[in-house]
Amino acid sequence: MDESKPVWRYFANLYVTARQNFIDAAEATDGRLETLPISQLGPQDEQLSIDICILGSDNPRKLLLHTSGVHGVEGYPGCAVQVKLLERWAAGELEVPDDCAIVVVHAVNPWGMAWMRRVNEDNADLNRNFLPPDEAYVGEPERYNELNALLNPRTAPGGWDFFALRAGWVILRMGFNTAKQNVAEGQYERPRALQFGGPGLCESPKLLLDWLEGALEGVERCVALDFHTGLGPHGVDSLLISGEDGDAAFASLRERYGPTVQPLDPDAGVAYRIRGGMLDGFKARWPNIDWTLITQEFGTEKPLKVIAALRAENRLTQWGGRPDKALLGSPERERLLDIFNPATDKWRGMIMLRGQALIDDTLSDLTSQSDEG
């Protein structure tokens with residue numbers, strides 16, 4: 001990797017630029033590049049796709065699966081981390097055992113990334129869309145109804161509605177952790193509201209799951225790293241673990257991955273429990289694989305500012321009476337991009353450093369397991 005390359009060159013603010021950066025980096029490796037196009041088009045009628053680079057063994061027993069962009073605009077910093085990973089591989093800086101591969105998945109939600117939204121073309125949060133095959137897309141958190149009028153005003157933006165004061169009152173009455181859980185868990189009853197999990201399995205998740213059906217054949221052990229931004233202290237990453245229970249399991253994970261490992265529990269850290277999470281969706285469909293599921297979440301701004309930005313953008317989109325092409329460049333979508341992809345060298349440097357460090361920790365873990373085997 002060229003150490004003289006400034007960090008800002010890894011970052012883009014347009015889908016076509018980010019995708020080309022990923023494609024160029026992938027083609028400079030000895031890996032395989034595969035493309036899964038979706039039916040929806042981008043703002044300039046460009047083709048949108050999930051792009052996947054496969055490095056290492058053609059028949060792996062162990063796998064590092066690195067995904068980005070399940071939340072649309074979060075794909076821009078995710079792409080930067082993935083491009084650097086690919087450059088490090090091309091420069092011979094990463095080593096994996098003969099029985100191991102790295103699969104890098106760029107832009108699980110290419111539509112949201114291209115259109116500067118966190119959700120997809122169905123207004124679905126794709127990290128709430130991977131319900132187990134036997135679970136219905138119905139229901140909502142017990143107290144979401146109490147929050148609906150605050151989160152989802154059915155009017156176009158304009159004027160003052162004192163969101164911060166009203167949200168503060170809700171937090172005082174309900175408790176911060178309870179409010180956080182009910183806002184973020186995922187709901188399947190209100191298609192135009194925040195945190196909608198979708199009417200069923202959406203196109204992009206289905207394409208990815210179908211592709212993984214072949215890619216995971218023969219895999220016995222998989223560490224899945226899903227890159228996110230927007231939650232936690234500014235520039236600091238939290239490693240959110242799902243599918244693990246008990247003090248011994250978390251102690252083992254902290255020993256291997258560091259002290260920021262924490263469960264998806266609103267009372268135990270920055271996170272919350274979710275329905276239909278992508279990583280849990282993988283485990284539900286391939287239960288015979290030994291999974292370690294890690295969401296690497298980098299903080300950007302305070303929770304109320306993040307919610308306010310999501311609320312304003314969704315309000316404009318749903319009730320502003322304007323087509324998507326007219327909304328590109330709107331203050332609400334520009335703010336959303338800024339919330340989830342801060343354009344400061346300090347923040348970018350922090351996520352690039354820790355993004356690569358987690359990849360190194362994962363490869364060390366997989367190598368150690370191969371040596372023990």
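**An open mixed sheet and its surrounding helices**

In the predicted model, eight strands form an open sheet of mixed pairing, in the order E1-E2-E4-E3-E5-E8-E6-E7. Its edges are strand E1 (32-41) and strand E7 (261-263), each of which pairs on one side only. From one strand to the next, the twist averages 25°. Strands (E, at least two residues) and helices (H or I, at least four residues) are DSSP runs numbered from the N terminus, and two strands are taken to pair if DSSP finds at least two bridges between them. Residues are numbered from 1 along each chain as its sequence is written. Because the model is predicted, local features need pLDDT of at least 70 and side-chain atom pairs count only at pLDDT 80 or more, whereas totals for chains, interfaces and linings use all residues; side-chain values use heavy atoms, without hydrogens and water.

E1 and strand E2 (residues 47-56) run antiparallel and are joined by seven bridges, with Leu41 bridged to Gln47 of E2. Helix H7 (residues 203-215) packs on the sheet, where H7 touches E1, E2, strand E3 (62-67) and strand E4 (100-106). The direction of H7 makes about 155° with that of E1; axes are lines fitted to C-alpha atoms, for helices over the stretch in contact (heavy atoms within 4.5 Å), and angles run from 0 to 180 degrees between N-to-C directions.

E4 pairs with E2 in the antiparallel sense over six bridges, and Leu55 has Ile102 of E4 as its bridge partner. E3 and E4 run parallel, joined by six bridges; here Leu65 is bridged to Val103 of E4. In a regular strand the side chains alternate between the two faces of the sheet.

Helix H10 (residues 303-319) has 17 residues and spans 24 Å from its first C-alpha to its last, close to the 24 Å expected from 1.5 Å times one less than its number of residues. Its buried residues, among them Val306, Leu310 and Leu316, pack against helix H4 (144-151), helix H5 (163-174), strand E5 (221-234), helix H11 (324-327) and helix H12 (331-340). Gly321, which follows H10, has a positive phi near 70°.

Zero disulfides (cysteine sulfur atoms within 2.5 Å) were found in the whole structure. Cys79 is buried at 1% relative accessible area, and its sulfur lies 12 Å from the closest cysteine sulfur, in Cys53, too far for a bond.

Definitions and conventions
Buried means under 20% relative accessible area, exposed over 50%, partly exposed in between (1.4 Å probe, protein chains only).
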